[in-house]
Amino acid sequence: MKTAIITIGDEILIGQIVDTNTAWMAQKLTNAGFDVTEKISIGDNARQIKDTIADVFTRVDVILTTGGIGPTKDDITKKTLCEYYGTELIFDDSVLANIQNVVSTWTALNPLTHDQAYVPKDCTVIQNKVGTAPITWFDRNDKVLVSMPGVPYEMKFNMENEIIPRLQSKYSAEAYVSKVFIVVGYTESALAIHLTDWENNLPEGFGLAYLPSPGVMKLRLFVKGEERRHELEEEIVKLYNLLDKAIVADRDIPLEKILGEHLLSSGLTIGTAESCTGGNIAHLITSIAGSSEYFKGGIVSYSNEVKCNILKVSASNIEKDGAVSCSVVTDMAKGAQKALNVDCAIAVSGIAGPGGGTDEKPVGTVWIATAIGERLVAKKYQMGKNRDMNIIRASNTAMMQLLEMLNE
């Protein structure tokens, strides 16, 4: 069964907001066994909305739209769908009751919110239990269109609790069984070379996706059909034999959560000393609920003065080797362990860019030191020229480096 996702809103086209909905929806639909063949973004234009729907329906069975169903004048999707399907808006008391229930805890009902209870006459209305804009489901000639709000948390709640279950009930989609692995120590190309023979001999119907992101390498092994789960488990065993401790997790969860689980299970504490990452590593670690059990604190040692006075970095090392060096980052890690009284430390010093690089140390040069007790590893990395990407990559690489040590 072929599915398309259409996001509606001028704010998406002009870059005012980032469309995160389609990626999330596509992943959930794919996991549920539906083939997502198109993703399109269009503006708040009635003619464009109708023409796009008509065109896309020539190739797919289901269209899911997000956006344009709010209470303001620029939200025209609901009215436009009435025009497309040759129907009209009618007032629905049950929708109003749901809206009143939703807003009662935080605001009074105003006229614009009240009018959200107008819905297309000839459709199935799905109550939005977390928002004021109802979901509408049109079913014509075995072609389904579902219109949902563009607010991400509203869309996600309704996709998981209403839309996907209803689609699965209507269509006999065969869900994928899959497993995601987070791998350390390999680039994408090096990992592909290492796995060539195994990948070439995967059973028919199996797929392997390489999912690189800054400083992180993921693999997704998948096959359609619950009845093939035993084959998946057999291939997982083979993969573990090939990669061994290079696999740090077999769940698609953030690195900071994996690191936290390792620290918690080992009874270890951690602190950070950050220069070029500006506290981003500490932010990531503390974004995980319960991180207070293992994270004690972080020192943003952006200046050499802070490095020396708080982390007790050797001034002679800075003068001799520069702030971005093995000796300095090593001092930073040891200093963080002592200053914060922690078992483990992550220290980072680098040139994030866009300026500050030299021929000897170009932009993107980053030294990372990770320490567990007396054990310490310091490595130099060459990240790139984009400042934002360098901060993300350095943060992820630092956590991966510590995870490798914890796995040894």
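A residue is called buried under 20% relative accessible area, exposed over 50%, and partly exposed in between. Keep in mind that this is a predicted model.

Start with Tyr-240: its relative accessibility is 31%, so it counts as partly exposed. Phe-181 sits in strand 9 and Tyr-240 in helix 10 (residues 229–243), so the pair ties together parts that are 59 residues apart in sequence.

Stay with strand 9 (residues 176–183) and select strand 11 (residues 216–224): the two run antiparallel, joined by 8 bridges. Look for Val-183 opposite Met-217. Strand 9 also pairs with strand 12 (residues 247–249), again antiparallel, over 2 bridges. There you'll find Ile-182 facing Ala-249. While you're here, click Arg-220, which lies over the face of Tyr-176, 6.0 Å from the ring centre.

Next stop: the open sheet of 6 strands, in the order 2-1-3-8-7-6, with mixed pairing. Which strands stand at the edges? Strand 2 (35–42) and strand 6 (124–126) do; each has a single partner strand, so one side of each is left without a neighbour in the sheet. Inside this sheet's order, pick strand 7 (residues 135–140) and strand 8 (residues 143–148), antiparallel and joined by 5 bridges. Asp-139 stands opposite Val-144 here.

Last, select Tyr-84, Tyr-85 and Phe-138, which form one aromatic cluster. Tyr-85 is buried at 15%, whereas Tyr-84 is partly exposed at 28%.

Note on methods:
Residues are numbered from 1 along each chain as its sequence is written. This is a predicted model: local features need pLDDT of at least 70, side-chain atom pairs count only at pLDDT 80 or more; totals for chains, interfaces and linings use all residues. Side-chain values use heavy atoms; hydrogens and water are left out. Two strands pair if DSSP finds at least two bridges between them. Helices (H or I, at least four residues) and strands (E, at least two) are DSSP runs, numbered from the N terminus. Buried means under 20% relative accessible area, exposed over 50%, partly exposed in between (1.4 Å probe, protein chains only). Rings of Phe, Tyr and Trp (its six-membered ring) pair if their centres lie within 6.5 Å; planes under 30 degrees apart count as stacked, over 60 as edge-to-face and the rest as tilted. A charge sits over a ring if NZ of Lys or CZ of Arg is within 6 Å of the ring centre and within 35 degrees of the ring normal.
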